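Here are my notes on this model, point by point. Please read them with the coordinates open.

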Amino acid sequence: MSEIQEAPTTFNGIRKQLGPGLIISANIVGSGELIVTTKLGADVGFIMLWFIILGCLLKVFVQLELGRYAISKRKTTLEALNTVPGPKLVVSWLVWIWTLMYAAIFFQLSGMVGGLAQVFNLAGSDLSHTVLAILITGSCAILLYVGRYKFIQNFSSIMIASFTVFTIFAVFSLYWTQYGVTGSQIAEGLSFRLPEEFLIAFAAFGVIGVGASELIVYPYWCLEKGYGKYVGPDDGSEEWINRAQGWIRVMKYDAMLSLVIYTGATIAFYLLGAAVLHGRGIPVENDNLMANLSNIYSTSFGDVGLWIFVVGAMAVLYSTVFVATASNSRLGVDFLNLLGILKCDTEEKRKNAVRIACVVLPALFCIFYLSVGKPVTLVAVGAVAQALMLPFVSLAAIYFLYYQTHERLRPKASWIFGLWISGIAMTAVGFYQVWREFGSFFGG
């Protein structure tokens, strides 16, 4: 742990603090935006624009409550979920529900490995998908094991930021083509209509913006690399309260800045999918996934657009696999520790266990992809699982606010109202999807 620090109070101080920041801020674009959001636009056109915006806006309330709790109690997410009332079988019922999403994330990350292999082929590589998948996951494991995290994070952040700028610019560049977005199409997208097939929209809801898995991971990075490590343990002093309030304020600035950026990027990907891919009748499917997705750039930028897409997609997918491996390694070790299978009673033992997990998980991603070989399907499985987890995460955040978070660190009533609206909306979307699936199963 770093030594305790006071939160910055000036704009320049806060701006500097956002840099070391958290994973949520660094990875503003991932597979949810590049694949799932674009596929939704390609499938249904503009009618779900309102849903995409809503999906980005709602989760920031839950994100910040989980971060607030981590700063207040200095517990990891799984430790926190294990305190939620209800039946226990070694660990809490809510932790067992999380394990289902955790398993499904393996499918999602395996799909990203497949997508990366397709990107390398699109760039001219003659290597087979088997060889490419081994190289991708192997390099990820090696870099994490030797501790090259910061270099990859910084490099990826620059590349992803550039890719995001090009994506937004690509939307405006469509006005010089026959696929320019019109006011009537935007109005159609804000008309609160639902498509006949809701599954991909539901999957997108789970992963756009701050996905459910990222919400679970957020407190880990708060404690390890962000605000939580600067606050220190609660010693009951007024200084601790002031310090915690200050870092929570910085955390909120960070989250809100991220919200603006990833919402804009997500909208851009959706509009490109709706305008270009839906307009041209190009599907986003397992075969030729990346070749078809590249049309959202080549339509705006011509031949150079293909290379913008190739470089950007490599950065997005590789950094997502890299960061998710680091995150899920920590979660896996934490879970095994809660079960009593691992005995990580010192920080050194925990770090060693995480390093081993950083090698094991990429190997599993590689095996999953080579066994299934359908990147869109694999990503969709993980995305649906994340969407199903969102109501439970929001329920936990509300419980933490009322029963666990330090009373003097609780937010204003308007923010609490937003948290309740967020939780109700996430639950409603989840119930709607379950109802649709049951209706379909029984022929309704």
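1. Ser173 is buried, because its relative accessible area is 8% and the cut-off for buried is under 20%. Keep in mind that this is a predicted model. Ser173 belongs to helix α8. Leaving aside neighbours within four places in sequence, Ser173 contacts Ser300 and Phe301.

2. Phe301 also takes part in the aromatic pairing. The count of aromatic pairs comes to 27. In one of them, the ring centres of Phe166 and Phe301 are 6.2 Å apart and the planes stand at 85°, so the pair is edge-to-face. The angle decides the label, because planes over 60 degrees apart count as edge-to-face.

3. What does the Phe166–Phe301 pair tie together? Phe166 lies in helix α8 (residues 149–173), while Phe301 lies in helix α15 (residues 295–301). The pair therefore links parts that are 135 residues apart in sequence.

4. Are the two partners buried or exposed? Phe301 has a relative accessibility of 18%, so Phe301 counts as buried. Phe166 is at 35% and therefore counts as partly exposed. The cut-off that matters here is 20%, because buried means under that value.

5. A further aromatic group deserves a look. Trp50, Phe51, Phe192, Phe198, Phe202, Phe205, Tyr432 and Trp435 form one cluster. One of its members, Phe205, also has a charge over its ring: the charged end of Lys59 sits there, 5.4 Å from the ring centre.

6. Arg355 lies over the face of Tyr145, at 4.3 Å from the ring centre.

7. Next, the nonpolar core. The largest one has 147 residues. Which residues have the most contacts inside this core? They are Leu34, Leu40, Met48, Trp98, Tyr297 and Phe400. Helix α13 (residues 238–280) supplies the largest share of the core, with 19 residues. As general background, nonpolar side chains tend to be buried together in soluble globular proteins.

8. Beyond its neighbours within four places in sequence, Trp98 is in contact with Leu78, Ile216, Leu331, Phe335 and Met389.

9. Last, Ala265. Ala265 lies in helix α13. Its relative accessibility is 0%, so Ala265 counts as buried. How far apart are Ala265 and Tyr369? The two are 104 residues apart in sequence, and their C-alpha atoms are 27 Å apart in space.

How values were computed. Residues numbered from 1 in each chain as written. Predicted model: local features only at pLDDT ≥ 70, side-chain atom pairs only at ≥ 80, totals over all residues. Heavy atoms only, no water. Phe/Tyr/Trp six-rings, centres within 6.5 Å; stacked < 30°, edge-to-face > 60°. Helix = DSSP H or I, 4+ residues; strand = E, 2+ residues; numbered from the N terminus. Buried < 20%, exposed > 50% of the residue type's maximum accessible area, 1.4 Å probe, protein only. Lys NZ or Arg CZ within 6 Å of the ring centre and 35° of its normal. Contact = heavy atoms within 4.5 Å. Core = buried A, V, L, I, M, F, W, Y, C linked by side-chain atoms within 4.5 Å.
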